[in-house]
Amino acid sequence: MKTKTKREARIPSVPSLALSVREDLKYSGLGVSAGIAIGPAHVMEQGLIDVPEYIVTDVEEELARFDKAAKFSIKQVEKLRVKASTLSEAAAEELNYLLEAHLQMLAGSRLVRGVEKRIRSEKLNAEAAVQAELSEIAHAFSEMEDSYLASKIQDVREVSARLVRNLTKAGYQAFSGLVPGSIIIAEEITPADTALMDPNIVGGFASALGGAEDHTTIMARSLGLPAVLGVSGLVNQVRPGDMIVVDGVRGTVVVNPTEATIARFERRREALFRRQRQLERLRSVPATTRDDMRILLQCNLELPYELALARQVGAEGVGLLRSEFLYMNRDTLPSEDEQFVAFKEIVEGMEGHPVTVRTLDVGSDKLAYSLGEHISPSTNPALGLRAIRLSLKVRKLLETQLAAMLRASAHGELRILLPMINSASEIKRVQEAMDKVVRRLTRKRVAMSNPLPKLGIMIETPGAALAADSLAKSCDYFSIGTNDLTMYTLAADRGDEQVAHLYDPLHPAVLRLIKISVEAGRSAGIPVNLCGEMAGDPRFTALLLGLGLRDLSMAAPNLPRVKQRILGLGINDAEKRAEQIMEQTDSGVIATLIDDFNALD
Ligand code: PEP
Ligand code: MG
């Protein structure tokens, strides 16, 4: 396979739905990451993509690759069509019409047939074949007298762009060369895309798809990027460079705001900054309730970059280091050495505070390209081969990670955490793998901590919570993952905006499972931490403390607000309120009891 040239593909520059008035257009969605960002739009589905061009040796393989990209594109458009049905009738009709045209094109139009022909006859790689076919069709359209038909080239461009993106997995380089403060607008933003966002350059983002607690959201919060997800009909209305306001507190997006609108949002943004600066003064104040109960506040890290933020807010350790960052945006797996260096830097960076490193938790909404060959498509990925299940199936993955963690443990306190554990036998199998790695490292005289790192488990399925008393006998600590626990308990996908209203961590079933887990840990005498997103929301702090938690881990930007809440709380009052709450059967009543209690202080 030899690269000949790179074709620069200009992907659509004119949106399909032209509006006569394009000023101060307001949209609403799920405000998932607080803060206000104002800046020029970078529309992910538009802009320049470098398309490699080369001669393929295996034509059938290339045809199959193209077919896969076309099928994936169809799935994406179908998803957008479902989403469009939530718009107002006229907008839904217009968007539907457009997406229907895209679907037809993807199912076998001149574009698709032309690409296949070029792959066969010219042995051209699929991306370049799409580009070549698009150029030819565009030329033919430009000569048309009928202006309506000529305008249809825009659809062909959009479909071609989608195909090229899906063929090139173009996310990798998506955010280089942006104007600082740019707002990313996209149909869907994956956790891997978010990992590429430098908060010094990206101001915030908004997308059509995505739920309240998916990993994109979690990363946005960690990076302090204002974000609104699930905004229907946005992508087609925004042109690159349009001024955008993203209000991640209220879930509002404004396209081309008027001066008065900008001034209003700037005033609110300034007030938020002021409040943040006040909270920063709490950095070295211990997190102690009014009645002297000391609470441990740690940070969740998605990316090593956030280490500085964790220290800035005075975190007393890393309660959850999601090791997935090492696997994102790459085609190869990270080596033991690479992982060791990453863990060691974080352990050393926390200067004596413990760092809890979780083994790989990919699958479901967290997909890593580098694991492609190990994860086959599943109709139900959240229930499929993810997290510890994958690590136990592909032992090399697990052993490499354990070796890197054990080596890093020589440089500071490191704890190992296992995601999505359901049974003691899974812990036992990890322990066996760990014993094997320890023997190998000992033979090689590699330094490790003594005693060896503590081995803990996530409690994030209803099964694990209900069996917490027996699981406690096989591990050193629990970490409650309320993000997945809520999803699995209520059977509501945390990443699907269509069921976001059903995803409710205050549901009595979820609260009971948290309580069962805390009590099981307490009876067994092992520490219990909570590292789901609930931990970072000051609205829930009193309830969690009332349920017996004393150890919370959250995104760094949330820590000062949670600490402030703790400083104003009495543990006895919180426990009494939690008792009342646990008697309720309705999450609406529970929410009111929480809000009333919070309002008292
Ligand atoms: C959780 O499920 O609550 C959790 C902390 O893990 P993650 O969000 O990474 O799935
Ligand atoms: Mg989880």
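**Reading folds, burial and a metal site**

Mentor: Let us start with V499, which is found in the loop between α17 and α18. Helices (H or I, at least four residues) and strands (E, at least two) are DSSP runs numbered from the N terminus.

Trainee: What kind of model am I reading?

Mentor: This is a predicted model, in which local features need pLDDT of at least 70, side-chain atom pairs count only at pLDDT 80 or more, and totals for chains, interfaces and linings use all residues. Residues are numbered from 1 along each chain as its sequence is written, chains are lettered from A and ligands numbered from 1 in the order written, and side-chain values use heavy atoms, with hydrogens and water left out.

Trainee: Is V499 buried, partly exposed or exposed?

Mentor: Buried means under 20% relative accessible area, exposed over 50%, and partly exposed in between (1.4 Å probe, protein chains only). V499 has a relative accessible area of 22%, so V499 is partly exposed.

Trainee: What does V499 touch?

Mentor: Contact means heavy atoms within 4.5 Å. Residues up to four places away in sequence are not counted; V499 then touches A492 and D493. Also look at A212. V499 and A212 are 287 residues apart in sequence, yet their C-alpha atoms are 9.7 Å apart in space.

Trainee: How do I read the whole protein?

Mentor: The protein has 601 residues, and buried ones make up 57% of them. Take the contacts with a separation of 6 or more: residues 24 or more positions apart account for 71% of these. The secondary structure comes to 22 helices and 18 strands.

Trainee: Which residues coordinate the magnesium ion?

Mentor: Donors are N, O and S atoms within 2.8 Å of the metal (3.2 Å for Na, K and Ca); water is not among the atoms, so sites may look incomplete. Here E460 (OE) and D484 (OD) coordinate the magnesium ion, ligand 2, at 2.1 Å. This pair links distant parts of the chain. E460 sits in the loop between β15 (455–459) and α15 (462–466), while D484 is in helix α17, 24 residues away. Both E460 and D484 are buried.

Trainee: How many cavities of 30 Å³ or more does the structure hold?

Mentor: On a 1 Å grid over the protein atoms alone, a cavity is a set of points where a 1.4 Å probe fits but cannot get out; lining residues have an atom within 4 Å of a point. Points join across faces, edges and corners, and the volume is the space filled by probe spheres set on them. The structure holds five such cavities of 30 Å³ or more.

Trainee: Which residues lie nearest the centre of the second largest cavity?

Mentor: R322, R358, M458, E460 and N483 lie nearest its centre, out of 13 lining residues. The volume of this second largest cavity is about 60 Å³. β12 (318–322) and α17 (482–490) each supply at least two residues of its lining.

Trainee: Where does S479 lie?

Mentor: S479 lies in strand β16, residues 477–480. Its relative accessibility is 1%, so S479 counts as buried. Leave aside neighbours within four places in sequence, and S479 is in contact with L417, I457, M458, I459, N529 and C531.

Trainee: And A464: buried or exposed?

Mentor: A464 is buried because its relative accessible area is 0%. A464 is found in helix α15. Beyond residues up to four places away in sequence, A464 touches I421, N422, I459 and L471. M420 is 44 residues from A464 along the chain, and their C-alpha atoms are separated by 8.2 Å. I459 is on both contact lists, that of S479 and that of A464.

Trainee: Which residues of α18 are buried?

Mentor: They are P508, V510, L511, L513, I514, S517, V518, A520 and G521. Just after α18, G525 takes a positive phi of about 75°.

Trainee: What is the peptide bond from N450 to P451?

Mentor: That bond is cis, with omega near 0°. P451 lies in the loop between α14 (424–443) and β15.

Conventions
1 Å grid on protein atoms, 1.4 Å probe; cavity = no way out; pocket = protein on both sides within 12 Å on 5 of 7 lines; lining within 4 Å.
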